[in-house]
Amino acid sequence: MARRCRQAEGEGAATAVVRPGSSLPHAASLALAALALWLLSSLLLPRSAGAQGEVKRFAVLAAHPDGGPGTQPLRWAEQDARKLRQVLVELGGFHEEDTELLISPDRDTLLAALEQVERRAARAAATPGNQALLLFYYSGHATSGELRLG
């Protein structure tokens, strides 16, 4: 028996058919992830923190398809990070200039980007009444406790 997975009701709705024993098509799984992110962003964090302040959103998205020796390159890592950034900007209340997309970064580049965005988020939250959200997304290989950056 096939299952139907609905992205949303109304305009722009998408349906994917999934047969038992098969996985979601890549586009459908990405659509479901985007919907979940949008719902969390919409329900858990208001667009503003009230009349006195705002919620400022920052994101660092990193993709590294190569995990180094003993791994196979990931086919969709870069595309997933790019598409998630697009969803964050279009639906999640993130400004494009507050998102950092890194493709195949080395350790130092990734850490520097995280530190820079963390400082910006801290400055944004320092204003009374303001809140800051920092999202980190990594699409790539990992082992227990560490990211594999090629």
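## Helices, strands and overall make-up

Helices, as DSSP runs of H or I with at least four residues, and strands, as DSSP runs of E with at least two, are numbered here from the N terminus. In this predicted model, the protein chain contains 3 helices and 7 strands, and reading along the sequence gives the pattern β-β-α-β-α-β-α-β-β-β.

Of the 150 residues in the protein chain, 29% count as buried. The chain exposes about 9,500 Å², of which carbon and sulfur atoms supply 53%. When contacts in the protein chain between residues at least 6 apart in sequence are considered, 62% of them join residues at least 24 apart.

## A β-α-β unit

Strand S3, which covers residues 55–64, pairs with strand S4, residues 99–103, in the parallel sense over 5 bridges. Within this pairing, alanine 59 has threonine 99 in S4 as its bridge partner. Together with helix H2, residues 77–90, the strands S3 and S4 make a β-α-β unit that is right-handed.

The buried residues of H3 are Leu110, Ala113, Val117, Ala121 and Ala124. Seen down the axis of H3, the buried residues fall within an arc of 65°, so they line one face of the helix. An α-helix has 3.6 residues a turn, so residues three or four places apart point the same way.

What do the buried residues of H3 pack against? They pack against S3 and S4, and also against strand S5 (131–140) and strand S7 (146–147). On the other side of H3, by contrast, Arg107, Asp108, Arg123 and Ala126 are exposed.

Proline 105 is found in the loop between S4 and H3. Is proline 105 buried or exposed? Its relative accessibility is 4%, and because a residue under 20% relative accessible area is called buried, proline 105 counts as buried.

Leaving aside residues up to four places away in sequence, proline 105 touches Ala62, Ala63, His64, Leu110 and Leu149. One of these, Leu110, is also among the buried residues of H3. Another, histidine 64, lies 41 residues from proline 105 along the chain, yet the C-alpha atoms of the two are separated by 7.0 Å.

Definitions and conventions
Residues numbered from 1 in each chain as written. Predicted model: local features only at pLDDT ≥ 70, side-chain atom pairs only at ≥ 80, totals over all residues. Heavy atoms only, no water. Pairing = 2+ DSSP bridges. Right-handed = clockwise from strand over helix to strand, strands pointing away. Buried < 20%, exposed > 50% of the residue type's maximum accessible area, 1.4 Å probe, protein only. Contact = heavy atoms within 4.5 Å. Areas by Shrake-Rupley, 256 points an atom, 1.4 Å probe, with all protein chains shown as cover. Arc of directions from axis to C-beta.
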